[in-house]
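Here's a quick tour for anyone opening this structure for the first time. Have a look at it, then read on.

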Amino acid sequence: MSVVLAEEKTVSLDVFRKVSSLVTLRDNLDADTVSRMYKVFLDEPWAPDHILRVHNKIVAGLANGLSRKNHLMKDLAWKFDEGESWFAGHLLMTWYLGVYYHAERPTQRVAYETALMFDSTRGILPIPLVESLGFGGWTDAPEDAR
Amino acid sequence: MSGTIDANVIIIGSGVAGAMTACKLAQLGVRDIVIVEAGPRIDRAETVKKFRASPFIDSSSGYPNPDYAPRPDWNDAKNPYIEKTGPAFLNEEYLRVVGGTTWHWGGCTPRFRPVDFRLASAYGVGADWPVDYDTLEPFYTEAEEEIGIAGEEDDGSPRSKPYPMARIPSSYCDKVIAEGLKPMGITFNARPSARASRPYNGRGQCQGFGTCSPICPSGAQYAAIYHVEKAEKLGVRVVDTTRAERIHADGKITSVEARKPDGSLVTLRGKIYVVAANGIETPRLLLMSAGERRPRGIANTSGLVGRYFMEHPALTCRLKMPRPVYSSRGPESIVTSSDFRDGPFRRERPSSMLSIEHPPRFHETADGLLRQGLEPPKIDADVKDALTRMAEMNIGIEQLPDRQNGITLNWDKRDRAGQPLTRLYYSFGSYEQAGFAFARDMFKKIAASLQAQIVSLGDPVPQFHLMGMTRMGNDPKTSVADSFGRSHDHKNLFILSSSLFPSASSVNPTLTLAALCLRAGHEISRQLKVGN
């Protein structure tokens with residue numbers, strides 16, 4: 001899915017999807033996970049403002065020649081204030097681990113097999129509780145190594 | 001609602017010990033057997049779903065932890081279920097559900113070696129057992145058939161019959177490590193395991209989910225729920241959500257008080273009573289049953305109930321291998337080295353078991369890299385590199401029985417069920433410290449031989465093997481029960497738990513416990529026939 005990038009005035013599911021896509025460098029984020037995660041983020045009073053600010057700063061950076069392919073947050077670090085920088089890291093951690101760490105409420109799982117920590121080893125290492133190799137499928141190295 | 005349950009045999013606990021004993025008794029023709037279990041029944045598929053929905057990366061969060069049958073919970077540090085005292089780290093874990101803790105075990109089922117039963121005689125340390133290997137061997141064989149064990153060699157424990165199933169094949173990682181350690185002279189054997197390498201008694205072949213603990217999604221790994229279901233088919237009544245909290249005695253055991261979740265009392269009366277409630281809850285129940293006539297608790301004339309707690313403390317070493325080994329493919333552990341299990345060194349340092357482990361480490365790995373500030377695309381490459389090159393090894397040691405290690409009750413503090421809190425003192429002596437020093441040195445040599453980097457080599461951690469606190473022996477002054485698990489004090493009380501072990505060996509205790517239960521089953525049956 002191509003992402004149309006422009007500064008936004010109000011937060012929405014689509015803006016959350018775009019900022020998630022920008023921070024994770026992925027255009028194919030699972031739609032159900034985006035919706036679920038958006039609802040959890042919106043439980044935080046500061047979330048709408050942070051989603052919008054981080055989105056707009058990245059869009060502005062891209063409009064000024066920032067590459068979308070590499071270390072977006074590091075390259076934008078000088079433009080983020082402390083809160084924005086924290087939020088971008090928080091969003092990235094939530095996407096990778098599939099776990100939302102609240103400051104005051106109990107930790108919550110928001111994604112399992114769609115968590116991005118599984119992305120780089122898909123087809124190589126089975127996702128725990130979800131994928132299996134079949135009997136003896138573990139005796140040789142996977143295709144990745146051959 | 002209060003009630004009374006009368007039966008021939010009352011068994012407290014539905015884990016591997018209780019369920020297997022019940023089956024054995026039923027097979028021997030004993031009728032009217034009741035198992036009471038504190039926890040609820042659970043469903044495998046639902047439990048897998050709960051783990052996938054849980055934010056915690058542990059072995060228990062998918063299982064119930066209700067107020068009426070509480071258990072240890074690592075994720076609730078503010079309200080510890082067990083009060084820890086003593087200098088050594090201990091973080092115990094077990095379940096209170098129908099089927100017990102084998103729902104989330106690693107399924108490793110080695111036999112003890114003959115010398116493990118006479119540690120004191122052979123090496124002058126620890127304690128001897130009141131039963132020897134030759135006596136137990138037929139019951140080991142029977143337990144392996146009941147549980148369904150896949151294995152290969154005898155590994156120093158002579159066998160009268162081959163394993164019921166062929167071994168689980170080694171993983172690619174196992175083979176790379178075994179090859180890399182050949183120059184050191186280290187050899188690996190198939191680790192006997194309760195995983196089906198072929199369809200076995202209704203269980204399918206292992207599919208390699210790699211999550212033996214917290215749960216085997218396919219059911220190829222044995223869990224005591226198989227024996228619970230088998231017992232029920234043989235006519236055994238299993239009463240769940242009924243927590244035993246007090247045993248009454250008048251010379252013999254006369255009844256057990258239990259509570260339902262609504263607080264109502266259930267009185268259990270039988271001819272024979274079996275306490276099979278795991279290595280901590282078993283001595284705890286005996287101690288909780290203290291009264292005016294028995295201030296030390298039930299079965300405790302010796303004063304040794306709750307003493308001599310032993311674990312298999314282990315050092316875990318995580319390595320970064322020079323090339324990918326794809327560790328988390330296949331069952332969690334397939335091979336071990338028994339090279340350090342026995343020898344004259346046991347006079348000074350413990351028996352040790354070296355194993356290659358394959359737990360999935362996605363969360364810890366990604367979390368660690370995120371906290372270093374990594375972001376895409378580098379984090380993806382680094383996660384892949386770290387996970388595919390990771391290898392994990394474990395050295396678990398034999399802990400000596402030490403009288404000061406064990407539990408007492410804190411009557412001033414209560415758990416969520418209103419029962420006195422368990423207070424557990426735990427420490428290591430110079431014998432164990434020598435084992436840890438050996439393990440640390442061994443891991444450094446292993447890393448060098450594999451040309452690998454040590455990523456982490458931490459402090460000793462428990463393996464959740466709970467042994468020793470109702471030790472068996474021939475002398476009532478120095479032990480709690482005889483070689484059948486029968487209380488020296490109350491002839492109609494059998495204690496069937498790994499708490500019977502007078503010494504620990506360095507290998508997983510469940511198979512030895514199962515063998516003890518099968519042997520005890522014959523004795524209980526005999527005792528009922530001759531009029532108790």
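This is a predicted model: local features need pLDDT of at least 70, side-chain atom pairs count only at pLDDT 80 or more; totals for chains, interfaces and linings use all residues.

Residues are numbered from 1 along each chain as its sequence is written, chains are lettered from A and ligands numbered from 1 in the order in which they are written, and side-chain values use heavy atoms, with hydrogens and water left out.

**Chain A**

- Chain A has five helices and two strands (DSSP runs of H or I with at least four residues, and of E with at least two, numbered from the N terminus).
- Along the sequence they come in the order α-α-α-α-α-β-β.
- Of the 146 residues in chain A, 50% are buried (under 20% relative accessible area; exposed is over 50% and partly exposed is in between, with a 1.4 Å probe and protein chains only).

**Where the chains meet**

- Chain B puts 48 residues into the contact and chain A puts in 46 (contact means heavy atoms within 4.5 Å).
- About 4,000 Å² is buried between chain B and chain A, with 65% of it from carbon and sulfur atoms (this is the accessible area, 1.4 Å probe, that two parts lose on being put together, summed over both).
- Arg52(B), Arg329(B) and Phe362(B) give 20% of the area chain B buries against chain A, more than any other three residues.
- There are three salt bridges between chain B and chain A (a side-chain nitrogen of Lys or Arg within 4 Å of a carboxyl oxygen of Asp or Glu).
- Glu113(A) and Arg52(B) form a salt bridge, at 2.5 Å from N to O.

**Helix H9 of chain B**

- On the side of chain B that touches chain A, H9(B) has the largest share, seven residues.
- Buried residues in H9(B) are Ile379(B), Asp380(B), Val383(B), Leu387(B), Thr388(B) and Arg389(B).
- Their cover includes helix H5 (82–97) of chain A, along with strand E11 (314–320), H8 and strand E14 (390–397) of chain B.

**Ser498(B)**

- Ser498(B) sits in the loop between strand E18 (493–495) and helix H11 (510–529) of chain B.
- Ser498(B) is buried, at 10% relative accessible area.
- Its side chain reaches the backbone oxygen of Leu466(B) at 2.5 Å.

**Salt bridges in chain B**

- Over all chains, the count is 54 salt bridges.
- Glu137(B) and Arg111(B) form a salt bridge, with their closest N and O atoms 2.9 Å apart.
- Glu137(B) is in helix H4 (residues 133–147) and Arg111(B) in the loop between strand E4 (82–85) and helix H3 (119–123) of chain B, so the pair ties together parts 26 residues apart in sequence.
- Glu137(B) is buried at 10% relative accessibility, and Arg111(B) is buried at 3%.
- Asp459(B) and Arg440(B) form a salt bridge too, with the closest N and O atoms 3.9 Å apart.
- Asp459(B) is exposed at 58% relative accessibility, whereas Arg440(B) is partly exposed at 28%.
- Salt bridges with shared partners join Arg113(B), Asp116(B), Asp155(B), Arg341(B), Asp342(B), Arg346(B) and Glu398(B) into one network.

How values were computed
A polar contact is a pair of N or O atoms within 3.5 Å; within protein, one must be able to donate a hydrogen and the other to accept it, and residues adjacent in sequence count only if both atoms are side-chain atoms.
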